[in-house]
Amino acid sequence: MEKEQKKRKKTCPHCGRNLWLRDFWKLKSGERYRLCIECGRKEKNEAYARNRKVPDGTFYHKSFGRIMEHNGCSTRIFWNKDMLDILKTHYPNTKNEEVAEMCGVSPRTMIRKARELGLQKDKDFVQGVWEENRKLMHLTNKVRRNSGMIQKGHVPWNKGLKIKETI
Ligand SMILES: [Zn+2]
C-alpha cells in the first residue's frame with residue numbers, strides 16, 4: 001500500500017511539495033516532468049521573459065516607428081546626439097512643450113531626460129514665464145470684467161502673447 005502510494009506521488013524539487021503524478025506534466029516518453037505543473041509554468045514564463053528581453057543597446061521599435069534603447073529592465077526612447085543637443089541648448093529658456101516638439105518626443109519623456117541630465121531652467125526664463133502668466137491672468141480678469149466687450153482702439157489683451165488658444 002505504501003509502495004503503491006510512493007509510486008503515484010512525486011516530490012517537486014522546486015517547491016518541495018509531495019504531489020500526485022497528475023500534478024506533473026506527462027512527457028512523451030511516459031515519464032513525468034521534473035517540476036510540478038505550477039512550478040513548470042513559472043519556469044516557462046520566466047524563460048520567456050528572459051529570452052524576450054533585448055540585450056542592452058538600441059533597436060528599432062516597429063510600432064513606435066523609432067529607435068529605442070534598452071538598459072537593464074526598461075525600454076526607453078533612444079536620444080541621439082542631435083536630440084540631446086537640442087535639449088541641452090533649448091531646455092533652459094524654452095517652454096517644455098516647445099522643446100519636446102523640437103526633439104520629437106512627448107513632454108513627459110523630454111522632462112524625464114532633462115532631469116536625468118540635470119538640466120535646469122534659466123532663472124530669467126522662469127521669471128519671464130511667471131510674469132507672462134501673471135499678466136495673462138490680470139488681462140483675462142480685465143476682459144471678464146468688461147463682459148468680453150473690447151472697445152475700438154483698445155489694445156487686444158492677447159497682443160504679443162504667443163498663445164494659440166487666444167486667437
Ligand atoms: Zn513545484
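Modeller: Let's start with a term: two residues are in contact if their C-beta atoms, placed from the backbone, lie within 7 Å. This is a predicted model, where local features need pLDDT of at least 70, side-chain atom pairs count only at pLDDT 80 or more, and totals for chains, interfaces and linings use all residues. Residues are numbered from 1 along each chain as its sequence is written.

Biologist: Which residues in α4 meet α5?

Modeller: Helices are DSSP runs of H or I with at least four residues, strands are runs of E with at least two, and both are numbered from the N terminus. Here Asn96, Glu97, Val99, Ala100 and Cys103 of α4 meet Pro107, Met110 and Ile111 of α5.

Biologist: At what angle do the axes of α4 and α5 cross?

Modeller: Axes are lines fitted to C-alpha atoms, for helices over the stretch in contact, with angles from 0 to 180 degrees between N-to-C directions. The axes of α4 (residues 96–103) and α5 (residues 107–116) cross at roughly 95° and come within 8 Å. Angles of 65 to 115 degrees count as roughly perpendicular, so α4 and α5 are roughly perpendicular to each other.

Biologist: Is valine 105 buried, exposed or partly exposed?

Modeller: Buried needs 20 or more other C-beta atoms within 10 Å of the residue's own, exposed 12 or fewer, and partly exposed lies in between. Valine 105 has 19 C-beta neighbours inside 10 Å, so valine 105 counts as partly exposed. Valine 105 sits in the loop between α4 and α5. Leaving aside neighbours within four places in sequence, valine 105 contacts Ile77, Ala100 and Met110.

How values were computed:
Parallel < 35°, antiparallel > 145°, perpendicular 65-115°, else oblique.
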